[in-house]
Amino acid sequence: MSEVNGPPRVGGWTRFVTARPRLSLLAALVLTALAVLAGSGVADRLGSGGWEDPAADSTYATQALEREFPDSQPNLLLLVDAGGASVDDPAVAAEANRLTARLAAEKGVTGVGSYWTAKSPALRAEDGHEALIAARITGDEKRMGETLDRIAPSFRGTHGPVAVEIGGMVAVRHEMQTTIQEDLVRAEMIALPITLLLLVMVFGSAIAALLPLGIGIVAILGTNAVLRGLTEFTDVSVFAMNLTTALGLGLAVDYALFIVRRFREELATGADPTTAVATTLRTAGRTVLFSALTVAVSLAAMLVFPQYFLRSFAYAGIAVVLLAAAAALILLPAALVLLGERVNSLDLRRLLRRGRPVRASGEEGTAWARAATLVMRRAPLFAVATTTVLIVLGLPFLGVKFGTADDRQLPSTAESHVVQQHIRDGFPGSPGGGLEVLAEGKATEAQYTAYKERVAALPEVRRVDGPLVKGDSAYFTVQPEGEAVDAGAQRLVGELRATKAPFDTKVTGTAAVLVDSKHAIGERLPWAAAFIAIVTLLLVFLLTGSVLIPVQAVLLNALSLTAMFGAVVWVFQDGHLSGLLGFTSPGSIETTLPVLMFCVAFGLSMDYGVFLLSRIKEEYDRTGDHEQSVRHGLQRTGGLITAAAVILAVVMIAIGASRVTNTKMLGLGIALAVLMDAMIIRSLLVPAVMRLTGRATWWAPRALRRLHERFGLSEGGENPPRGAGNCATSHDGPAETNGEGMADASGGLRSIR
């Protein structure tokens, strides 16, 4: 690219990143190696919980019960199957008692009890052929997992007349953590070669295709090191590793596509590598910086919530976004300076182009230009039709039911899932799924009895057990009539908390944790949404200088997510396609998942929005022609955005191939959101809406215009004034000239299309 007043100057940032490119790359290699060492073993330090609010009454009660009454909180269940015999058969009872005694003697295990020692009907299956041994493994998640690995082999399997399977929450979480780690390795093995293949199809050059992968690997390894460091100070969820891989690869591809394409365009105009890098950083580099900030802002909103499951994704997401942007703006320019024209080497598409003419530079009738022209010609039709379709696709979300993550996240063949399913189907009163009421303060036996009678009279109560008293504390176990977390159990939580007592009471249990989690999210959700909206509005204003465009961007981004939320309910809550996709529907959506998916998908949508708006703004500054600017922006970035979206969707689908339902939901849902945004919102709705708003799109009050002139940034850098299009060379350069660039002005999924 050339400027009106001569070639672009080489700025300080360009000099910094290109002065010693070999040294920069060597330093990056050393730092990456250190990150590998620092991040090793990070998965073993991550937790598989984090859905509860640490400040909630239910959390306080759980911790108090674990401390004062460890027997009340069993997290290990041994399902003892007597085959065709009765669990009361003397031989069966003798073997079960031996297993109970052995388990009680294990180090790190406490609170061991069983049907045969307690004779509790809740621990005996209704058909009489199965019964439970319950215990608690002590310690943090890592220690509990180590204890389970140590003792499980000696208890699992056949023991005389009985067969034993292992379940309970500690087994569920441990199996979930192991499954996620295995699935992540498989996802990386699927995503990396397919991503490389798609990049070769997009770039043509094998050399250029390897650059985004390198940036992604640096970002992923660096983020693993960051997460490893964070585990020294706070809890981090193992699920965050999936986001690290997905965003590390996806955003690295996005940023590298944008920068490498612009660099190749500048080389095509005759610029030397250093000058081409200078122009690229001042144009595409600024867009990448804005994009990274918008994505980081969306992810940072999850820090508002108290659950460490959500906060973990903020830690991982912000780290990987900033590292991907830093690598794209520091390492990638250094590599491009060294490569120069060799970035176009090993053009594998030459074989496919033999005998086919190369399109002429500046050809007006490209597919994206024609699409933009058609959409703007019938803007009202496209605006109304696409908005209606997106709203209809989102309607299933109106029937969303929130629940908790349990064993049904795992495959139906997973041992802990099998055990918990047996308990749900065959045992009375959902053992382990009841509510516990912690009573604190001095009380008499008569006061405890009166309180128990009031609780037993509540309409949702099946049975009340207790109290078990220790000093000034006691606890009651309340079994609800229905399932552990159904609507009745959640109502019962409120009724128990409202029941008067002469002592302080706190309610915990699965339903209580769910109620408190929903309250915590609902209370903070408006703050998170306001944070995302306000900062996004500000960033897009600084990019465009318009008052209307930021509002459009936020609204259209939100609209792009409707299909994702509708599909999540229709598929994962209602169970459609469960057989095809291989999961068990629990009939609800885990409470934190919609928040996570919104923050991630909104950020990625803004990523593509910034790419498109930056090119439209650059052209509008150059020509002052609104419709031509929209057409030009879509023509220049439509293929680029589509290519990036397809590649990111491939990565997310690989993540969505996980055997854990929440991970499957996250991967497939975001893949759908990304494709809908790139192919519907950016291709149809944005040009239609911008055509309807016309030149008013760019309006801003005088005070805000001055603010933008002083602080605003845009891809165009030092743009010529509007209307200078006749005397200024296009910023884009002849992208279609030689087949060495991005195929043509459409930005290239020519081979994919």
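**Helices and salt bridges**

Guide: In this predicted model, helix α7 covers residues 169-203, which makes 35 residues, and its first and last C-alpha atoms lie 48 Å apart, close to the 51 Å expected at 1.5 Å a residue. Just after α7, G204 adopts a positive phi of about 85°.

Visitor: How many salt bridges does a search of the whole structure find?
Guide: The search finds 28 salt bridges.

Visitor: What makes the contact of R98 with E95 a salt bridge?
Guide: The closest N and O atoms of R98 and E95 are 2.6 Å apart. The cut-off for a side-chain nitrogen of Arg and a carboxyl oxygen of Glu is 4 Å, so a pair within that distance is called a salt bridge. Side chains of opposite charge can pair when their charged atoms come close.

Visitor: Why are R98 and E95 separated by about one helical turn?
Guide: Because R98 and E95 are three residues apart in helix α4 (residues 90-104).

Visitor: Why is E95 called buried, and R98 partly exposed?
Guide: Buried means under 20% relative accessible area; E95 has 12% and therefore counts as buried. Partly exposed lies between that limit and the 50% above which a residue is exposed; R98 has 47% and so counts as partly exposed.

Visitor: Which parts does the pair of D407 and R424 tie together?
Guide: The side chains of D407 and R424 meet in a salt bridge, at 2.7 Å from N to O. D407 lies in the loop between β6 (402-403) and α15 (415-426), and R424 in helix α15, so the pair ties together parts that are 17 residues apart in sequence.

Visitor: How do you know whether D407 is buried or exposed?
Guide: D407 has 3% relative accessibility and therefore counts as buried, whereas R424, at 26%, is partly exposed.

Visitor: What makes D516 and R497 a link between distant parts of the chain?
Guide: Their side chains meet in a salt bridge, with 2.9 Å from N to O. D516 belongs to helix α18 (residues 510-544) and R497 to helix α17 (residues 487-498), and the two are 19 residues apart. D516 has a relative accessible area of 10% and is therefore buried; R497 has 30% and is therefore partly exposed.

How values were computed:
Residues numbered from 1 in each chain as written. Predicted model: local features only at pLDDT ≥ 70, side-chain atom pairs only at ≥ 80, totals over all residues. Heavy atoms only, no water. Helix = DSSP H or I, 4+ residues; strand = E, 2+ residues; numbered from the N terminus. Expected span 1.5 Å × (residues − 1). Buried < 20%, exposed > 50% of the residue type's maximum accessible area, 1.4 Å probe, protein only.
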